[in-house]
Amino acid sequence: MFSLPAMATSRAAHRPSFSDFKPDTLRGALGFFRVGQTHAGHWWLLDALDRPFFSKGVTAVNRAGTAGGRWAPRGPYVDTIDARFGAGDPGPFVEDVIARLRAWDFNTLAAWTTPEFFDRGMPYMDILDFRKISDHAFRLGPASLPDVFDPRWIEACDRWAGEVCTPQQESRLLIGYFTDHELGWAQFPADPVPGAPLRPTLLPICLS
């Protein structure tokens, strides 16, 4: 078994130069994060300076101390942070967190990071969470799903994507976006309660 630092060190030792990439495989705009394939057949991320990039990220970085990215509910961690760094300017807290992550050899803020950390010197990802757009969703039993065939839902997604993505369109540190993650399809519970009735899953819900 390899630890993450060992894997990263091994990968970094074999990091190719830009001349090792096949030009016809480069995907993305020059001057931004993009991807490409080496002549040896390996796919890599390339940063804004076209340097091969091995991403080592922390999933959820925020002031709330809870998971959820932009939707993260406030947790007791906030009070501790406010007491130490102040409740106003987020800069001191952000700088402290990024310094600690770099000291721990991380180089990416993953997709459940909140926007005050964006463009503060560390590459980052974002998530759109289209499933959160619930204006045009239908709810059947335990399932809550967007009505993807409703034109209004598509329009709502376009508006939300514009709101999230437009401020970041010139960012040289943005790696990319998740559209969604861990969608709930009303599946059977992983640990069903003995004797409890099983709720219907997505297929019988839709067929009914």
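Tutor: Two residues are in contact when they have heavy atoms within 4.5 Å of each other. Keep that in mind as we go through this model, which is predicted.

Student: Which residues is Met122 in contact with, leaving aside its neighbours within four places in sequence?

Tutor: The partners are Ile98, Leu101, Arg102, Phe106, Asn107, Thr108, Leu109 and Leu173. Met122 itself lies in the loop between β5 (108-109) and β6 (124-127).

Student: How far apart are the C-alpha atoms of Met122 and Leu173?

Tutor: They are separated by 6.7 Å, although the two residues are 51 residues apart along the chain.

Student: And is Met122 buried or exposed?

Tutor: A residue counts as buried under 20% relative accessible area. Met122 has a value of 0%, so it is buried.

Student: Let me try another loop. Where is Asn62 found?

Tutor: Asn62 sits in the loop between β4 (57-58) and α2 (77-85). With a relative accessible area of 7%, Asn62 is buried as well.

Student: What does the side chain of Asn62 reach at 2.8 Å?

Tutor: It reaches the backbone oxygen of Thr66. A polar atom of the Asn62 side chain also lies 3.0 Å from the backbone nitrogen of Ala64. Not counting residues up to four places away in sequence, Asn62 touches Ala72, Tyr77, Phe93, Trp112, Thr114 and Phe117.

Student: Now the helices. How should I read α4 (residues 151-165)?

Tutor: Begin with its length. Helix α4 has 15 residues and spans 21 Å from its first C-alpha to its last, close to the 21 Å expected at 1.5 Å a residue. Then ask which residues are hidden. In α4 the buried ones are Trp153, Ala156, Cys157, Trp160, Ala161 and Val164.

Student: What do the buried residues of α4 pack against?

Tutor: They pack against β6, β8 (143-146) and β9 (174-178). Have a look at the start of the helix too: there, a side-chain oxygen of Asp150 comes to within 2.9 Å of the backbone nitrogen of Arg152.

Student: Which residues of α2 are buried?

Tutor: They are Val78, Ile81 and Phe85. On the face of α2 turned away from the buried side you will find the exposed residues Thr80, Ala83 and Arg84. Part of what covers the buried residues of α2 is α3 (91-103).

Student: I noticed cysteines. How many disulfides does a search of the whole structure find?

Tutor: It finds zero. For a disulfide, the two cysteine sulfur atoms must be within 2.5 Å. Cys157 is buried at 7% relative accessible area, while Cys165 is partly exposed at 22%.

Student: What about sheets? What is the strand order of the open sheet of three strands?

Tutor: The order is β1-β2-β3, with antiparallel pairing. β1 (34-37) and β3 (52-53) stand at the edges with a single partner strand each, so one side of each has no neighbour in the sheet.

Student: How many bridges join β1 to β2 (residues 43-46)?

Tutor: Four bridges join them. Among the bridge pairs, Arg34 has Leu46 as its partner in β2, and Gly36 has Trp44.

Student: My last topic is phi. What is the general idea?

Tutor: Most residues other than glycine have a negative phi. Start with glycines: in the hairpin of β1 and β2, which has five residues between the strands, Gly41 takes a positive phi near 95 degrees. Just after α2, Gly86 has a positive phi of about 95 degrees.

Student: Which residue other than glycine has a positive phi near 60 degrees?

Tutor: That is Asp50, in the loop between β2 and β3. Asp50 is buried, at 14% relative accessible area. Asp105 is not a glycine either, and its phi is positive at about 70 degrees. You will find Asp105 in the loop between α3 and β5, where it is partly exposed at 46%.

Key: Residues numbered from 1 in each chain as written. Predicted model: local features only at pLDDT ≥ 70, side-chain atom pairs only at ≥ 80, totals over all residues. Heavy atoms only, no water. Buried < 20%, exposed > 50% of the residue type's maximum accessible area, 1.4 Å probe, protein only. Pairing = 2+ DSSP bridges. Helix = DSSP H or I, 4+ residues; strand = E, 2+ residues; numbered from the N terminus. Polar contact = N/O pair within 3.5 Å; in protein donor to acceptor, adjacent residues only side chain to side chain. Expected span 1.5 Å × (residues − 1).
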